[in-house]
Amino acid sequence: MSAVQRKQFAQVDISELRRFPVLDIQAFLMNFRGMEALAMDVAREFQQSLPQFVETLRSNLFARDYRGVEIAAHTLKGAVSNLRAERSRRAAFELEQVAQAKDLELCERAFQKLLACLEELEANLPILLGDRERA
Amino acid sequence: MSHFPRILVVDDSAFDRHLLNGLLTAKGYEVVMLEGGVGVLEAVASLRPALILLDMVMPEIAGTDVLRLLRGTYSALELPIIMVTAQSESASVVEALALGANDYIVKPIDIEVTLRRVATHHQLSELSRAMGRLREVEAINTMIATYNHEINNPLTIAIWNLELMIERCGKSEESRRVEVALTRIADIVKQIRKAAAGDELQTASYAPRTSVLKFK
């Protein structure tokens with residue numbers, strides 16, 4: 001089962017984010033050149049941390065803790081940026097910003113967009129991990 | 001200079017802590033971590049890190065507030081602090097630099113840049129400490145030269161007058177004690193001069209922030 005668990009009924013349009021890469025594997029590995037084991041360790045750590053990232057966002061949003069949503073989105077933004085997952089980074093940044101406006105509807109919409117991006121990212125992580133481990 | 005400087009990572013994100021810990025440990029640093037800024041002063045006092053990597057945005061205390069706290073106790077030369085920020089936080093970066101942050105790194109973390117900045121600021125801090133020690137030695141040498149001059153003149157007069165007194169009144173227990181004391185002073189002055197000339201000064205701790213020169 002996906003760690004992200006997006007609401008299936010939500011219609012989410014992420015077309016404006018499609019021009020950004022889900023996961024730039026080459027850029028990620030280039031950053032860790034000479035430290036491939038650490039790169040894989042970091043990618044696996046993110047894979048394991050993703051459900052917790054999502055749960056923290058979801059519970060803060062449910063409690064209408066907008067400051068909590070902002071901080072959690074900011075933290076996730078930092079994590080996905082280190083993975084070179086630009087599409088998710090943009091979506092997290094949008095959620096971080098709308099949380100400042102304390103508008104529940106905007107926050108929920110941005111959260112759904114972020115979940116859609118994270119689903120794609122999660123689906124791509126095995127490519128990164130699998131390719132490197134086979135190599 | 002320590003071969004394995006201790007770096008304190010203060011970051012609320014477990015993932016970022018994991019990344020920085022892995023990165024710095026792989027390069028030989030000893031890494032200690034805090035999940036936030038609460039208790040940072042106590043942690044720094046007990047852990048005595050050589051450098052801090054400090055996240056800018058944290059839930060309980062903002063990175064800039066943690067920085068303000070730390071700079072109330074430690075100067076930028078004593079304890080280098082590198083802020084870890086997002087691309088969109090240029091205003092906060094300016095504030096942090098004004099508050100005494102030594103530098104900043106931006107997420108996504110560029111590994112080469114991060115390692116270079118950590119190494120550079122640690123080296124600068126070590127050099128500053130070494131320069132402080134050199135200034136201390138220079139000050140001691142100046143003080144010794146001054147004391148030598150100031151002690152030698154009255155000492156010569158005292159010895160000369162003691163010899164005159166012995167010639168006139170003969171040796172006594174009192175004159176013998178004065179002679180021993182003056183000879184000891186003369187001997188110490190010689191040792192100080194010799195040690196200062198050969199950079200062989202040895203010091204011992206005497207009281208907090210106070211050292212004394214050691215003599216045979």
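**Close-ups of a predicted two-chain model**

View 1. With a relative accessible area of 27%, Glu94(A) is partly exposed (from 20% to 50%; buried is under 20% and exposed over 50%, with a 1.4 Å probe and protein chains only). Its salt-bridge partner is Lys113(A), and the closest N and O atoms of the two sit 2.9 Å apart (a salt bridge needs a Lys or Arg side-chain nitrogen within 4 Å of an Asp or Glu carboxyl oxygen). This one ties together distant parts of the chain: Glu94(A) belongs to helix H4 of chain A and Lys113(A) to helix H5 (residues 104-134), 19 residues apart. Is Lys113(A) buried or exposed? Lys113(A) counts as buried, at 10% relative accessibility.

Residues count from 1 along each chain as written, chains are lettered from A and ligands numbered from 1 in written order, and side-chain values use heavy atoms, without hydrogens or water.

View 2. Arg90(A) comes out as partly exposed, with 34% relative accessibility. Zoom out and the tally over all chains is 21 salt bridges.

View 3. Over in chain B, Asp187(B) and Arg184(B) form a salt bridge through their side chains, at 3.6 Å from N to O. They sit about one helical turn apart, because three residues separate them in helix H6 (residues 173-197) of chain B. Both ends are partly exposed: Asp187(B) has 33% relative accessibility, and Arg184(B) has 41%.

**View 4. Chain A as a whole.** Which elements make up chain A? Five helices and zero strands (DSSP runs, helices H or I of at least four residues, strands E of at least two, numbered from the N terminus). Along the sequence, that reads α-α-α-α-α. Of the 135 residues in chain A, 54% are buried. Take the contacts in chain A with a separation of 6 or more, and 74% of them join residues 24 or more positions apart (a contact means heavy atoms within 4.5 Å).

**View 5. Where chain B touches chain A.** The contact draws 23 residues from chain B and 22 from chain A. About 1900 Å² is buried between the two chains, with carbon and sulfur atoms giving 65% (accessible area lost when the two parts are put together, 1.4 Å probe, summed over both). On the chain B side, Phe15(B), His18(B) and Ile111(B) lose the most area to chain A, together 32% of what that side buries. Chain B has a mean pLDDT of 86, with 89% of its residues at 70 or more (the predictor's per-residue confidence, from 0 to 100).

Conventions: This is a predicted model: local features need pLDDT of at least 70, side-chain atom pairs count only at pLDDT 80 or more; totals for chains, interfaces and linings use all residues.
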